[in-house]
Amino acid sequence: MKMVRRGSMVPMLFAVLLLALKGAAFVAAEGEETCSGIVPMKRRSEVVSIADFGGVGDGQTVNTAAFERAVSRIEQRNVPGGTLLYIPGGVWLTGAFNLTSHMTLFLAKGAVIKATQDTSNWPLIDPLPSYGRGRELPGGRYMSLIHGNKLKDVIITGENGTIDGQGEKWWNIWRQKTLLFTRPGLLELMHSTDIIISNVVFQNSPFWNIHPVYCSNVVVRNVTVLAPYDSPNTDGVDPDSSSNVCIEDCYMSTGDDLVAVKSGWDEYGVAYGRPSSGITVRRITGSTPFAGFAVGSETSGGVENVLAENLNIFKSAIGIHIKTNTGRGGFIKNITVSGVTLDNVRKGLRITGKAGDHPDDRYDPNARPVVGGLTIKNVRGTVIQQPGTIEGIKNSPFTQICLSNVKLRVTGPKQMPWVCNDVSGGALEVQPSPCTELTSTNGMSFCTDAL
Ligand SMILES: *[C@@H]1O[C@H](CO)[C@@H](O)[C@H](O)[C@H]1NC(C)=O
Ligand SMILES: *[C@@H]1O[C@H](CO)[C@@H](O)[C@H](O)[C@H]1NC(C)=O
Ligand SMILES: *[C@@H]1O[C@H](CO)[C@@H](O)[C@H](O)[C@H]1NC(C)=O
Ligand SMILES: *[C@@H]1O[C@H](CO)[C@@H](O)[C@H](O)[C@H]1NC(C)=O
C-alpha cells in the first residue's frame, strides 16, 4: 500500500533532493576539516509523511501512536535504500517513541516535535549496564523522547526544525525532589552505528540532550542545542562508551556541559569495559554554567584518542574540564584540546581527580583512574578569574600534562593563581606562569612534539 499520494510526494522528494545537494555542497572554510566521510549522507528511496499515519500537527493532538505506526511501517517494509519520514511544519505533540534502522527523520521548516507535558505514564526502560542504575536515582529510567536501540543507518535532519522536550515540568519535579526515576533525555541511541544528526534544533530537554551510548560512527553537525542557563543537567552532547564520534559546527547554550565525553560509572563502567575512543569535537560555540568541553566525570570504561579544536566558549564557569574520581577506575589518555577562545569564563582549565558522585557504596575505593597524555594548546582567554587547577590523585598522579601557548588574561576582583598537585608534565609559553609542577619542558618530547 502506498502511504503517500503522488501529489504530496513529488514536491517532498524535490525538497529532499535539494537538501541532499546542499548537503553535498557543504564545505567548511577552505582547508578546514569536517566530519564528512565518517557517515555518508543518504537520499532515501521512499518518502512518507507523519500525516499519512494519522498524525496531526495542531499542537493539541498527541501523536505517539502515529509515530509508532510510521516507524513500525518503515521497519516492516524495509525498503532498500531506506525511508524518509517527513514531518511537515506544525507542532507535533508526542510521547516517547523509538526509531528504526535505515530511516531519516526529516523535520521540515517550522516543524516542532514536542514532548507531551503528561509525564505521569512516561515509559520506563532498563538502566544502562555501564551505569548499573539510573544516573539520578536507583532503578530504571524514563525513555528519551526519541529513542533507538541496535539501529544502523539513521539520519535525523531537516530544515532547522525543532525537537522540544518541554523540560520545565521535569526540572521542577527534580527541584522539588519528587522525581521517581532518572529524567528522560531528548535523543538517546544505544548500540547503534552510522548515525547523522544535523540541521535541527534541540531545545528544553528534561535531561541530557543527545546521548549516543555504545555507538560507533556518529556525526553531529550544524545542530543548535538550547536550554535555560539554570536548567538542571541539560548537557548538550554526551558521547558515552562510543567510538568514532564527530561533533562539529554547533551552537549550544545549556544548563550543563556543552559536550561531555563519558564511558560508564564506577564498578559498572569498569565491568562493562567499553571506552569512548576516536572522538572529534570542533567549531563549537556556546555558553554554560558548567564547562564548554568536558571529559567525565563518568569515565570508568576509559576515554582515549580525543581531539577537540576551535572551541569558542563565553560566559561560562569552566572552559575545559577533565574530571574523574577515585572509585571510577578506567583511564583518560591521549586527549588534545587545541584552539580555544574563552571570554568571560571563570576558570580556564580544570583537571581533577575529585569530581562526581558514586552510584552506591559498592564502588572500589582502590579503583584509581589512570590519567595521562593531556595536551592543551593554543588557548586565548579574556576576563578570566583563575587560569586553572590541575589536581591529580594521591598515589595515582596525573602524568604527561602539557600546556602550550596558553594565554589567559586574568582580571577582576576575584583573581586566583594556578593550583596544581599530584601532577607532572610541562608547560611552554603559558601566561600567567604555570605552577612549578609544570614549568619545564626539558626531556618532555610528548609536550614539545605537540606543537
Ligand atoms: C522502545 O525501545 C525500548 C528500549 O529499547 C523498549 O523497551 C520499548 O519496548 C520500545 N518501545 C516500543 C513501543 O517499541
Ligand atoms: C545548517 O542548518 C541550517 C538549518 O538548520 C541550514 O540552513 C544550513 O544550510 C546548514 N548549513 C550547512 C553547512 O549544512
Ligand atoms: C535555527 O534555529 C535556531 C533556534 O531558533 C536559530 O538560532 C538559528 O539561527 C536558526 N538557523 C537558521 C540557519 O535558520
Ligand atoms: C591520539 O589521538 C588522536 C586522535 O585525537 C589519534 O589520531 C592518534 O593516533 C592517537 N595517538 C595514539 C598514540 O593512539
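Both Glu 248 and Arg 282 are buried, a word used here for under 20% relative accessible area, with exposed meaning over 50% and partly exposed in between (1.4 Å probe, protein chains only). The model is predicted, so local features need pLDDT of at least 70 and side-chain atom pairs count only at pLDDT 80 or more, while totals for chains, interfaces and linings use all residues. Residues are numbered from 1 along each chain as its sequence is written, chains are lettered from A and ligands numbered from 1 in the order in which they are written, and side-chain values use heavy atoms, with hydrogens and water left out.

Side chains of opposite charge can pair when their charged atoms come close. With a salt bridge taken as a side-chain nitrogen of Lys or Arg within 4 Å of a carboxyl oxygen of Asp or Glu, the count comes to 20 salt bridges. One of them joins the side chains of Glu 248 and Arg 282, at 2.9 Å from N to O. Glu 248 lies in strand β19 (residues 243-253) and Arg 282 in strand β21 (residues 276-287), so this pair ties together parts that are 34 residues apart in sequence. Helices (H or I, at least four residues) and strands (E, at least two) are DSSP runs, numbered from the N terminus.

Arg 282 also meets Glu 309 in a salt bridge, at 3.1 Å from N to O. Here strand β21 is linked to strand β23 (residues 303-323), which holds Glu 309, and the two partners are 27 residues apart. The relative accessibility of Arg 282 is 4%, and Glu 309 is buried as well, at 16%. A network of salt bridges links Arg 221, Glu 248, Asp 249, Arg 282, Arg 283 and Glu 309.

Another salt bridge pairs Glu 46 with Arg 77, at 2.8 Å from N to O. Glu 46 belongs to strand β1 (residues 46-49) and Arg 77 to helix α2 (residues 64-77), 31 residues apart. Glu 46 is buried at 12% relative accessible area, whereas Arg 77 is partly exposed at 39%.

A cavity is a set of points on a 1 Å grid over the protein atoms alone where a 1.4 Å probe fits but cannot get out, and lining residues have an atom within 4 Å of a point. Of its 19 lining residues, Arg 141, Glu 188, Phe 207, Trp 208 and His 211 are the closest to the centre. Strands β9 (141-142) and β13 (187-190) each give two or more residues to this lining.

Definitions and conventions: On a 1 Å grid over the protein atoms alone, a cavity is a set of points where a 1.4 Å probe fits but cannot get out, and a pocket is an open set with protein on both sides within 12 Å along at least five of seven lines; lining residues have an atom within 4 Å of a point.
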